[in-house]
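The sequence and the structure come first.

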Amino acid sequence: MSGGRQISLCHSYTWGRRLSDRVFQFMAGPLDRAKNRLLARLNSEDLALLSASASQVDLEKGRVLYDPGDAITSIYFPSDGVISLLTLMEGGEAIESGAIGREGALGLEAATGPGESLSRAIVQVPGHALRIPAALGQDLWKRSPTFRDLADRHGQAVYAHAVQSVACNALHSVEARFCRWLLACRDRIDVDTVQLTQEFLADMLGVQRTTVTAVAQTLQTKSLIRYRRGVVDILDRAGLEAVTCECYGSVQRTYQRLFGRAPG
Ligand SMILES: [Zn+2]
């Protein structure tokens, strides 16, 4: 991927206190990369190694980071924004099978060895991320038990999310899934306003745009959201939790078990 700004902090110092200071400066930079929950759990040595080859990248809305079959050459650690994982059909249909925000990383599975993307990874809520080469992830995997443990747990969480989404997409109403999507999105950002188009949301939910419109109008009638052109305002979070399906809580509990806290 292109467009990143290289960050190189590790060329002129050695391990130890000075390194820790540099790492602190790195973590306290303009983007506050500690907002990524995985990076926040790494020790200073791992962070220093990571920062040596890290790039700061903007996640522009609609940007496709990977398509199915693409070699995973980079790992992205978002500090904000949301990346959707879409399963694509030959006929052009799509449906969301996972989402990654500041609680996780995109492409982390490539840390165990060369890998191909199974999904389209597309930015649904714009933000920022720290990007490292997949080869560096493989180095960290070999040398750092902490990194291995985090990558293992993250893999379990992504798998749990995908498994739950299979059942949710087949068995639960569009209204419940719409609410689940909004809540999961809200957990990963710090505002109650989400910018999205009907087309985008239709892809997320695997339904027609007219269905999205009807469901949005229903939720608006219940005063749970306000839906304007391309913008959804969350008005009543508790109300959305009452309408959504069990899948939202199930995924929350999985993250809680694996990381000691829910996404967000
Ligand atoms: Zn569900």
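Among contacts in the protein chain with a separation of 6 or more, 76% are between residues 24 or more positions apart. The model is a predicted one. The protein chain has 264 residues, and 39% of them are buried. Its secondary structure consists of 9 helices and 9 strands.

**Helix α4 and its surroundings**

Helix α4 covers residues 145–171, which is 27 residues. From its first C-alpha to its last it reaches 39 Å, close to the 39 Å expected at 1.5 Å a residue. The buried residues of α4 are F147, L150, A151, H154, A157, V158, H161, Q164, S165 and C168. The elements covering these buried residues include the helices α2 (44–51), α3 (134–143), α5 and α9 (246–259), together with the strand β5 (94–100).

The contact with α9 can be described in detail. The axes of α4 and α9 come within 10 Å and cross at roughly 170°. Angles over 145 degrees count as roughly antiparallel, so α4 is roughly antiparallel to α9. On the α4 side the contact is made by R153, Q156, A157, A160, H161, Q164 and C168, and on the α9 side by C247, S250, V251, T254, Y255, L258 and F259. Sorted by class, this contact has 8 nonpolar, 5 polar and 1 charged residues. A157, H161, Q164 and C168 are named among the buried residues of α4 and also take part in the contact with α9.

**Helices α5 and α7**

V174, E175 and F178 of α5 meet T211, V215, T218 and L219 of α7. By class, the contact of α5 with α7 has 4 nonpolar, 2 polar and 1 charged residues.

**Strand β4 and its partners**

Strand β4 (74–88) is mostly covered, with 13 of its 15 residues buried. β4 pairs with strand β6 (residues 120–133) through 11 bridges, and the two run antiparallel. β4 also pairs with β5, again in the antiparallel sense, over 6 bridges. β4 and β5 form a hairpin with 5 residues between the strands, where G92 takes a positive phi near 100°.

**The sheet of β7, β9 and β8**

Three strands form an open sheet in the order β7-β9-β8, with antiparallel pairing. β7 (193–195) and β8 (225–228) are the edge strands, each pairing on one side only. On average, neighbouring strands of this sheet are turned by 15° against each other, direction ignored. β7 and strand β9 (residues 231–234) pair over 3 bridges in the antiparallel sense.

| Residue | Bridge partner | Strand of the partner |
|---|---|---|
| S74 | P133 | β6 |
| I83 | I100 | β5 |
| V194 | V232 | β9 |

**Loop residues**

T73 is found in the loop between β3 (64–66) and β4. T73 is partly exposed because 15 other C-beta atoms lie within 10 Å. Not counting residues up to four places away in sequence, T73 touches P133 and A134. P133 is also the bridge partner of S74. The C-alpha atoms of T73 and G115 are 8.3 Å apart in space, while the two residues are 42 residues apart in sequence.

E93 sits in the loop between β4 and β5. E93 has 12 C-beta neighbours inside 10 Å and therefore counts as exposed.

S223 lies in the loop between α7 and β8. With 10 C-beta neighbours inside 10 Å, S223 counts as exposed. Most residues other than glycine have a negative phi. The phi of S223 is near 65°, a positive value in a residue other than glycine.

Notes: Residues are numbered from 1 along each chain as its sequence is written. This is a predicted model: local features need pLDDT of at least 70, side-chain atom pairs count only at pLDDT 80 or more; totals for chains, interfaces and linings use all residues. Two residues are in contact if their C-beta atoms, placed from the backbone, lie within 7 Å. Helices (H or I, at least four residues) and strands (E, at least two) are DSSP runs, numbered from the N terminus. Ala, Val, Leu, Ile, Met, Phe, Trp, Tyr, Cys and Pro count as nonpolar, Asp, Glu, Lys and Arg as charged, and the others, Gly among them, as polar. The expected span of a helix is 1.5 Å times one less than its number of residues. A residue is buried if 20 or more other C-beta atoms lie within 10 Å of its own, exposed if 12 or fewer, and partly exposed in between; C-beta atoms are placed from the backbone. Two strands pair if DSSP finds at least two bridges between them. Axes are lines fitted to C-alpha atoms, for helices over the stretch in contact, and angles run from 0 to 180 degrees between N-to-C directions. Angles under 35 degrees count as roughly parallel, over 145 as roughly antiparallel, 65 to 115 as roughly perpendicular and the rest as oblique.
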